2 protein chains.
Amino acid sequence: MTFSWNQVVAGRASKLAPSAFSDLEGIRSVEDLIFFAGGTPPLEKLPIARLRQASADAWEDAADHLYYGESQGHEPLRHMIAERMTSRGATTDPEHVMITNGSQQGLDLIARTLFDPGDVVVIEGPTYFGAMQAFDAYEVTYRTAPVDDDGLIPDELERLLREHPRPKAIYTVPTFQNPTGVTISPERRRRVVELSLEYTVPIIEDDPYGELHFPGDPVPPLRALDSNVIYLGTFSKTLAPALRMGWMVMPEALIPPLVNSKEAVDIQSDRFVQRAVVRACADGWLDAHLDEARALYQERCQRMIAALQREMPPGTRWITPQGGFFVWVTLTGEITSNALLPTAGKHGVAYLPGSAFYPDRRKEPTLRLGFSTLPDDKIDEGIHRLGRATAEFLG
Amino acid sequence: MTFSWNQVVAGRASKLAPSAFSDLEGIRSVEDLIFFAGGTPPLEKLPIARLRQASADAWEDAADHLYYGESQGHEPLRHMIAERMTSRGATTDPEHVMITNGSQQGLDLIARTLFDPGDVVVIEGPTYFGAMQAFDAYEVTYRTAPVDDDGLIPDELERLLREHPRPKAIYTVPTFQNPTGVTISPERRRRVVELSLEYTVPIIEDDPYGELHFPGDPVPPLRALDSNVIYLGTFSKTLAPALRMGWMVMPEALIPPLVNSKEAVDIQSDRFVQRAVVRACADGWLDAHLDEARALYQERCQRMIAALQREMPPGTRWITPQGGFFVWVTLTGEITSNALLPTAGKHGVAYLPGSAFYPDRRKEPTLRLGFSTLPDDKIDEGIHRLGRATAEFLG
């Protein structure tokens with residue numbers, strides 16, 4: 001006897017979909033594939049020895065932390081994060097920091113605290129697909145605010161905030177955005193925060209790449225402008241994704257529901273990894289590690305831009321980022337990146353099509369290229385393949 | 001300028017409450033307190049050396065698993081769990097197993113997949129408060145099915161299943177229940193599963209203690225009777241709570257929404273801990289560890305029962321469990337365990353009052369005593385204090 005599970009599941013069950021990476025299932029098995037679709041640090045630069053030692057050290061006093069505890073997170077880690085946030089211009093104390101399993105869990109906890117079914121959420125168009133994956137479970141609908149080379153456009157945002165029903169939140173990746181790489185300009189940042197306050201629509205600032213600016217002036221978080229901004233950070237891009245270690249900086253009023261939600265969903269984050277991260281980052285090590293990473297990512301980005309100039313058909317456009325992991329390319333001609341993808345796969349190169357980053361999965365000539373994971377020769381060869389695939393497809 | 005956050009938060013925000021342990025905040029600072037409120041393995045029996053070595057070994061091939069991956073969980077761990085489930089009578093293959101951050105996360109993911117606002121969930125009265133904490137975010141209401149010494153009472157359950165609206169799920173801890181310690185009898189188990197199928201109301205089987213039966217015959221999970229049962233297991237009680245390592249055995253139809261939900265909420269569980277658990281448990285080590293634990297818990301339980309007989313006023317009742325961590329006590333006279341708690345604290349002993357385990361927090365003469373964490377002399381002294389406190393309170 002089997003159940004009629006479709007009578008039993010929640011209304012939201014149909015929205016519990018896999019991430020956009022599932023679109024690439026067919027192509028990932030291509031031999032010798034050059035995969036520009038990832039958004040991670042390069043495998044060969046992961047600080048394995050440092051993290052392994054820090055993990056071993058964290059196990060040395062294991063008995064004290066093999067129990068339940070610390071739903072909000074290990075105090076020394078929250079303290080370190082607060083100091084780093086403060087040094088980036090966003091004055092923070094440890095009481096406003098909560099440790100999460102990557103910023104992905106932060107997105108879920110915020111959605112749980114803010115969103116009722118049918119609420120409208122303003123997102124950037126395009127935006128990080130994982131945020132939509134997290135928010136979808138709360139049965140929200142989206143309004144898309146366009147971005148240009150200076151990031152989110154305040155007038156377009158204001159137009160959306162004036163609509164009825166009023167949006168419940170503004171979700172933005174303001175710095176080295178995923179997927180476009182753009183950064184909201186300083187004047188626009190001030191205006192975006194003003195609009196948030198004027199319309200009482202909170203900002204969710206997702207900032208995985210903010211510390212990965214290219215060598216030179218860092219960009220302060222939006223949170224530096226207003227303590228009502230809900231800030232999400234992560235060690236996934238600065239240390240390693242599998243640590244599942246991120247944080248939230250919470251407005252005062254949201255601390256109880258957010259911390260209670262964390263306790264309700266998994267009681268606490270990994271207590272050993274929290275201690276290992278504190279140890280690994282100590283004595284200036286993280287800053288030195290980041291300096292090295294920034295220089296490498298800038299080199300790889302420049303290499304990719306040069307290859308695009310060399311290999312892509314005239315009329316192809318792209319945005320040159322000042323940090324982060326991604327170059328956003330707009331193909332020439334009447335083609336969509338979705339239509340091109342099988343030809344690209346045949347030539348041995350993969351990317352994420354722009355459609356992955358819109359709630360309506362609209363087909364566009366845009367695509368996201370990640371430059372962080374691959375060495376120079378692979379970047380050159382991969383973009384060469386992309387150029388050939390595009391030329392072949394255009395005929 | 002500050003936000004009117006109460007205009008912004010979701011309707012469910014008021015339900016995002018802390019766990020019942022917050023009721024004990026005042027008492028936990030009492031000097032030399034004997035704390036019977038916990039539900040964990042004893043600190044001195046945590047297999048620290050074994051886990052530390054397993055963790056170090058898991059870091060040896062770290063580069064392969066410092067990236068994103070495995071939302072459903074590490075295949076060898078799922079394989080090990082499937083084998084163990086099968087050997088306990090619940091035939092399972094690894095494809096139906098998903099790794100979660102403790103069974104607490106499993107509760108959240110199941111609620112997300114099954115519950116719409118206003119849905120009715122049948123729970124045992126009393127039941128594990130953390131399940132209500134997880135389910136509350138989905139704005140369900142509860143109907144309470146009473147338990148007696150043979151566990152959930154099928155006729156009472158059927159009465160609830162016949163009501164309108166029909167309940168959406170039956171949540172049960174069928175084996176060495178939290179908080180009462182009772183186990184549903186074999187005949188009742190068959191009837192409960194029949195009722196689930198007859199009324200198309202799925203069973204959520206939460207089984208943290210099933211492997212902690214006292215030496216002798218183990219109790220097969222409810223899942224052994226029907227593959228529509230959603231099963232939750234955990235290593236929190238058999239290895240250590242802070243590992244945050246649990247699992248779900250999923251009905252076929254629920255695999256996609258549950259795995260997609262896991263990806264949406266935190267992408268994956270800790271990949272190192274998953275590997276460490278496989279290594280730690282290998283070569284029969286877990287079974288030997290469990291045998292030792294079972295004998296110890298039986299001794300401590302017997303010690304507590306003997307102390308209750310010696311120390312508590314006539315008319316006090318308790319249920320003698322066959323496994324798990326808890327003895328459920330019903331005080332004599334007209335007193336509630338809530339009213340007694342400050343006097344108990346004054347005498348240096350703490351427990352969780354029965355009210356913690358009901359959605360309406362009804363005040364009862366019941367209380368939960370955990371026997372797993374404390375050595376014999378502390379059990380004797382703690383129950384002596386409880387007896388004195390009760391006598392004093394009764395006058």
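1. Let's begin with the contact between the chains: chain A brings 81 residues to it and chain B brings 81 residues, where contact means heavy atoms within 4.5 Å. Please keep in mind that this is a predicted model, in which local features need pLDDT of at least 70 and side-chain atom pairs count only at pLDDT 80 or more, while totals for chains, interfaces and linings use all residues. Residues are numbered from 1 along each chain as its sequence is written, chains are lettered from A and ligands numbered from 1 in the order in which they are written, and side-chain values use heavy atoms, with hydrogens and water left out.

2. Chain A and chain B bury about 6,800 Å² between them, with 61% of that coming from carbon and sulfur atoms. Buried area here is the accessible area (1.4 Å probe) that two parts lose on being put together, summed over both.

3. Two salt bridges are found across the interface of chain A and chain B, the rule being a side-chain nitrogen of Lys or Arg within 4 Å of a carboxyl oxygen of Asp or Glu. B:Arg112 makes a salt bridge with A:Asp108, with 2.9 Å between the closest N and O atoms. The side of chain A that touches chain B is made up of 44 nonpolar, 22 polar and 15 charged residues.

4. Do have a look at B:Arg294, in helix α10 (residues 285-311) of chain B; helices (H or I, at least four residues) and strands (E, at least two) are DSSP runs, numbered from the N terminus. B:Arg294 counts as buried because its relative accessibility is 11%, and buried means under 20% relative accessible area, exposed over 50%, partly exposed in between (1.4 Å probe, protein chains only). Leaving aside residues up to four places away in sequence, B:Arg294 touches B:Glu211, B:Leu212, B:His213, B:Phe214 and B:Pro215. Its side chain comes to 2.8 Å from the backbone oxygen of B:Glu211.

5. Chain A also has an open sheet of eight strands with mixed pairing, in the order β2-β9-β8-β7-β6-β3-β4-β5. β2 (97-100) and β5 (151-152) of chain A are at the edges with a single partner strand each, so one side of each has no neighbour in the sheet. Strands β2(A) and β9 (residues 246-249) pair in the antiparallel sense over four bridges; two strands pair if DSSP finds at least two bridges between them. A:Ile99 has A:Trp247 as its bridge partner in β9(A).

Terms used. Nonpolar A, V, L, I, M, F, W, Y, C, P; charged D, E, K, R; others polar. Polar contact = N/O pair within 3.5 Å; in protein donor to acceptor, adjacent residues only side chain to side chain.
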